[in-house]
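Hi everyone, thanks for making time. I'd like to walk through a couple of helix contacts today, so let's get the picture up.

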Amino acid sequence: MTIRNMLNSKVLRKSLIEEVLKSNEKIKKYGLLLTVEDVNKIMETRNRALQSYGRIELEIKVTKMMIEEFSDSCYIDNENFVFILNELQDIFYYFKNETEDKISDIKLIDILKEYFENSCEGSIELLKSRLEVFAQEFRKKNQIKDSLDNGGVY
Amino acid sequence: MSQEEGNVYGIIKNSKLKRSNIKKNQYTISLLNEALRVGVLNMQEICNIQSEIKLLLKDLIMRYTKGESTSVTIETTENLLSSIMYAIDAYTYSFHSLNKALEHLKKNDMKKIYEKGIELISLCYEETIELYKKISKNKLNVKLEAYNLTIWEAMPLFFKKYEIIFGAHNTMASIDYPLALVVDDIKFRGVFYINKYLKRFNLETMFCKYFDEEDIEKTLKNFGKMTKMDYKIELINIFELVFNNAIFSVLSGGKARNINISKYQYEYLNERLIRLNTNEITLLVERGSEILIDALNISDLDILEYIKYYKKKFILRVENAVENKSLNNLIVTEREEEFKDNIFLFKENKRMSNSDFNLIVKKISRCRNTIDKISIIKSNISSLNDMLDLFNAHCLYGKEFKLVFDLLGDMELTILSKIVFYEELRDDNRKFLKIILDSKKSNDEWQIHFIEYLQNLEKNRINSIERYFSEINYEEISFY
C-alpha cells in the first residue's frame, strides 16, 4: 500500500459504472440508451483523458452531467452519442487545464453546450478551435485581473 | 481519551510488528503494510481503510475546489493526500506504541482518526504561535542576519501561509538559522517541525541569556575575524559559540559568564588539552560543564537536557581538534580591532543591460589589438558582475587576462579572491599566500589566469588583500 497505488485502486470502478447507467432514466425520453459496453468505453476515454491531462477525479459527476446535458442536443442521436460524448470528455478535461481550474465544472459544461449547439452547429472540430480562442481570452482577462488585484499595472 | 477508547488496547498484544519496518515519514501506511505482513490485518481490511482514505480525499477535493470541480491536477491531489496522511499520522503517532496505533486503526473509521489528527495539528499550531510570541519578545539582540530573519520574517510567513486542512505537511519557510542540535528527523514536517525547531531555538536563546549580549556580539565578531568572513551574514549558531567559549573559559581559569578568551587563555588551553587522551578530554569537559551549570545556576530541566545532548557533540569536536591540532578553529579568541567596520570602496555602479553588454563583448571580440580591448574594458565596464560576465564571455585570451587584472585595485582583487578561494578561506587556517601557492588548477579559464596572476604578485600586495578579507563582503555590494 502506497500513496500512489491508493489513488490507482479499482475498488470504486464498478460502482461508478452503475452510477453512469442510472443516467439512462433521464435520457431515454430523447431516444437515447447507453449499454454497459457504451459506459465502459466512456469510462475508458474519461480515464485516458484524465491521465493524459494529468488530472485526478474520484467521482463520476462530470460524465453524468455531460450525458444528461447533451442528451437533448439536436445534433446528437443514438448512433453518434458515445462518439460525441467521448470527444466532449476529452475537450472538457483539456480545457479545465487550459482555463487553469478557474471555471467550475457546471459553467464549463454550459459553455461547451452553448458553443456546440449554436456557433459550432454540432461540429467537434469547430468546438475545439472556438474554445482555444475562448481559453486564450479567458487567461488574458485573468492575468489583467490578477495584476490589478496585486496592485500592479498591466 | 475516553474510557471506551482506552479499552481497545491489549487486543493486539503479541504481534510480531517490527519497528524497524516502520517509516517515520509514512507512519500509518508503513504500519498498515507491516500489519498485513504479520497477519494482524488482512487484505480486505487494508482495502477498506484505503477506500475510506479515498473518500476523505474525495471530500477534501470538493472542499478545496469549493464544490465547483470534481477533478484536480495530480499535483494538487498528491498535496491534498499528503495533508490527509499527515493528519492521520499525527494521531497514530501520538500513541507511541505500534500496537495501540493499530488497534485504533482497526476500531475507528478513518474519518474519525483524520479529525482527531486535525485537532492535534490545530493544538500544535496554537502552541507554536504562543511559543513564537514568547521567543520574539526574548530574542537576543545580535546582528546575525540568519538569526534575526528567521524570527522576524521566516516564522511570520510560515504562520500566515500554513494551511492545516489543505497543506498540513508543508513547511513553507526559509529557516536559515542553524540550530546546535539539528531537527533532522524526517518525520518532522509541517507545524510539528516548526514546533520542534522553535522549542530548541528557545532553549538555546534561554541559555545565551545567561551571558552579556555585548560579549556575545563580540564573540561573533571575533569568530568572523577568525574565519575571515563577515559574521553577520554567515550561518553561525550562537549557542555553540557561547557554550564552547564558556566551557573553555572555565577550563582556563576564567569566569563562567566570561566568554572572551584571551590569547593567554588559549595558549594555556592548547598546552593542557593537547596532552590529554579522549577519556581525559571527556572527563575534563564533563567537569567544565558541571562548573558552568553550577556557576550559572541553571535549573531548567529542558536546558540541562539540551546541554547534555550538545555536550556529546562538543566533546567529539574537542577530540577532533586536539587530534588535528586545530584548537585555534574551535576556541574563539579575542582579536584586536584592526580595521574599521565595513569599508567599501566599490561604488554602486549600474550594471549594463544585456544588449549593451553583448555589444561590448562583440566589440572586444572584434579587436585585434590587446591595448584596444583593455581600453574598451576600462571605459565601459564598471560593475563587478559585468566584469565577471566578461571573464566568462570567451573574448579574452592568455596574457590579456593579466592586463585586465592590472586594471584592478587591491579591493577588487580581494573580492575576486573571495570568489575564487571561497572554500579555502572559509575552511582552513592557512595564510593566504600559502593558499595561493598550494592552489590546484580551476576549471574556469579566468580563474586559472587569476591564480597565476596572484602567484606572481608582490608579497606586500598579497598581505594587503588578506587584510581586506574580513572587511569586504561582495555579497553586500550592490552590483546593479
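When I quote a crossing angle, I mean the angle from 0 to 180 degrees between N-to-C directions, with axes as lines fitted to C-alpha atoms, for helices over the stretch in contact. And keep in mind, this is a predicted model.

Okay, chain B. Helix α10, residues 238–251, and helix α13, residues 301–323, have axes that come within 11 Å and cross at roughly 75 degrees. Angles of 65 to 115 count as roughly perpendicular, so that's what we call α10(B) and α13(B). On the α10(B) side, the contact uses Phe239(B), Glu240(B), Phe243(B), Asn244(B), Ile247(B) and Phe248(B). Across from them, α13(B) brings residues including Tyr306(B), Tyr310(B), Phe314(B) and Arg317(B). By type, the contact has nine nonpolar residues, one polar and three charged.

Let's zoom in on Phe239(B), which sits in α10. Buried or exposed? Buried, because its relative accessibility is 1%. Beyond its sequence neighbours within four places, Phe239(B) touches Tyr306(B) and Tyr310(B), and also Tyr177(B), Ala180(B), Glu204(B), Phe207(B) and Cys208(B). Phe239(B) and Tyr306(B) are 67 residues apart along the chain, with 11 Å between their C-alpha atoms.

Now the other pair, α14, residues 354–366, and α15, residues 370–380, again in chain B: the axes come within 9 Å and cross at roughly 160 degrees. So α14(B) runs roughly antiparallel to α15(B), and the crossing is right-handed. Ile360(B), Lys363(B) and Ile364(B) from α14(B) meet Lys373(B), Ile376(B), Ile377(B) and Asn380(B) from α15(B). That contact splits into four nonpolar, one polar and two charged residues.

Terms used:
Residues are numbered from 1 along each chain as its sequence is written. Chains are lettered from A and ligands numbered from 1 in the order in which they are written. This is a predicted model: local features need pLDDT of at least 70, side-chain atom pairs count only at pLDDT 80 or more; totals for chains, interfaces and linings use all residues. Side-chain values use heavy atoms; hydrogens and water are left out. Helices (H or I, at least four residues) and strands (E, at least two) are DSSP runs, numbered from the N terminus. Angles under 35 degrees count as roughly parallel, over 145 as roughly antiparallel, 65 to 115 as roughly perpendicular and the rest as oblique. A crossing is left-handed if the near helix is turned anticlockwise from the far one by less than a right angle, and right-handed if clockwise. Contact means heavy atoms within 4.5 Å. Ala, Val, Leu, Ile, Met, Phe, Trp, Tyr, Cys and Pro count as nonpolar, Asp, Glu, Lys and Arg as charged, and the others, Gly among them, as polar. Buried means under 20% relative accessible area, exposed over 50%, partly exposed in between (1.4 Å probe, protein chains only).
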